[in-house]
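Please open the model in your viewer and keep the selection tool at hand.

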Amino acid sequence: MSKYTFKSSFATEFEYIPPKINCPTVLYLHGFCSDCWGKKPETVKAFCVERGWGLFRFDYAGHGSDRENFEKADFEIWKNQMLEVIDQTIKGDIVCVGSSMGGWLSLLAAIERPQRVKGVIGLAAAPNFVRHFASLVTPEQQRQLQDEGRFSYGNADFSYVITKRFIDTAMENCLPEDQSWPVLCPVHLIQGMRDASLPWQSALDFAASIASEQVEVKLLKASNHRLNDDVAAAELYNSLANIVNI
């Protein structure tokens, strides 16, 4: 697998399938402590190949093919990698498909590049989830954070290492709680109701915060945060087919 070297000097594995003429490109943005090679991005790839859409997917710095550098990376670096791909590599219209933290990054892409991003699909999208981590930090973890720059956190779905640099840079990129988010393109939010990382009601709050009038929320009663089941894959496929008029 080829590696993409970013301006930040991080190099990670990626895949780029150019679109056919007049077709958009899907930019797949994976979740925190995940990678871009699982069932969800493969569902996206199958759709893109079938329809002639382009696809760009990559591992963030410190993730997947670059996981040994995790503690050297942070949210600002991941956001800048995303914007670098949009500005320097992908041509034409873009549909962002983001899983968990990738949903947060997708919304930021729509805000910062509104002329390029024509649609967003959030898969258990988790904008501002760093505030959840910050609210759960115990006194012992706070000491670890200050002394070691990191602490461990886990739930029924995942186990994470949380670094101070991630918390600091992610907090700086949180979307406002007291005003609408200037995302003007169509948005589909697919959310599992058995999600142990994110209360499913959050998807309704996110939908209300998005300025666009073209927002759909799909609640899947038997799905968890990973959204790797067949029902979730089918809904992702349907959203790709209907998010923009091509």
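Contact here means heavy atoms within 4.5 Å. Helices (H or I, at least four residues) and strands (E, at least two) are DSSP runs, numbered from the N terminus. The model is predicted: local features need pLDDT of at least 70, side-chain atom pairs count only at pLDDT 80 or more, and totals for chains, interfaces and linings use all residues. Residues are numbered from 1 along each chain as its sequence is written, and side-chain values use heavy atoms, with hydrogens and water left out.

**First stop: two helices**

Select helix H2 (residues 75-88) and helix H6 (residues 164-172). Phe75, Glu76, Ile77 and Trp78 of H2 meet Arg165, Phe166, Thr169 and Ala170 of H6. By class, this contact has five nonpolar, one polar and two charged residues; Ala, Val, Leu, Ile, Met, Phe, Trp, Tyr, Cys and Pro count as nonpolar, Asp, Glu, Lys and Arg as charged, and the others, Gly among them, as polar.

Two packed helices are described by the angle between their axes and the distance between the axes. For H2 and H6 the angle is about 60 degrees and the axes are 7 Å apart. Axes are lines fitted to C-alpha atoms, for helices over the stretch in contact, and angles run from 0 to 180 degrees between N-to-C directions. H2 and H6 are therefore oblique to each other (under 35 degrees counts as roughly parallel, over 145 as roughly antiparallel, 65 to 115 as roughly perpendicular and the rest as oblique).

Which residues of H6 are buried? They are Phe166, Ile167, Thr169 and Ala170, where buried means under 20% relative accessible area, exposed over 50% and partly exposed in between (1.4 Å probe, protein chains only). Their cover includes H2, helix H3 (101-112) and helix H4 (130-136).

**Second stop: the sheet**

Now display the strands. Eight of them form an open sheet with mixed pairing, in the order S1-S2-S4-S3-S5-S6-S9-S10; two strands pair if DSSP finds at least two bridges between them. Strand S1 (3-5) and strand S10 (215-220) are the edge strands, each pairing on one side only.

Select strand S3 (residues 25-29) with strand S5 (residues 94-99): five bridges pair them in the parallel sense. Leu29 has Gly98 of S5 as its bridge partner.

S5 and S6 run parallel, joined by six bridges, and Val95 stands opposite Gly119 in S6. On the other pairing, S6 and S9 are parallel over four bridges, with Gly122 opposite Leu189 in S9.
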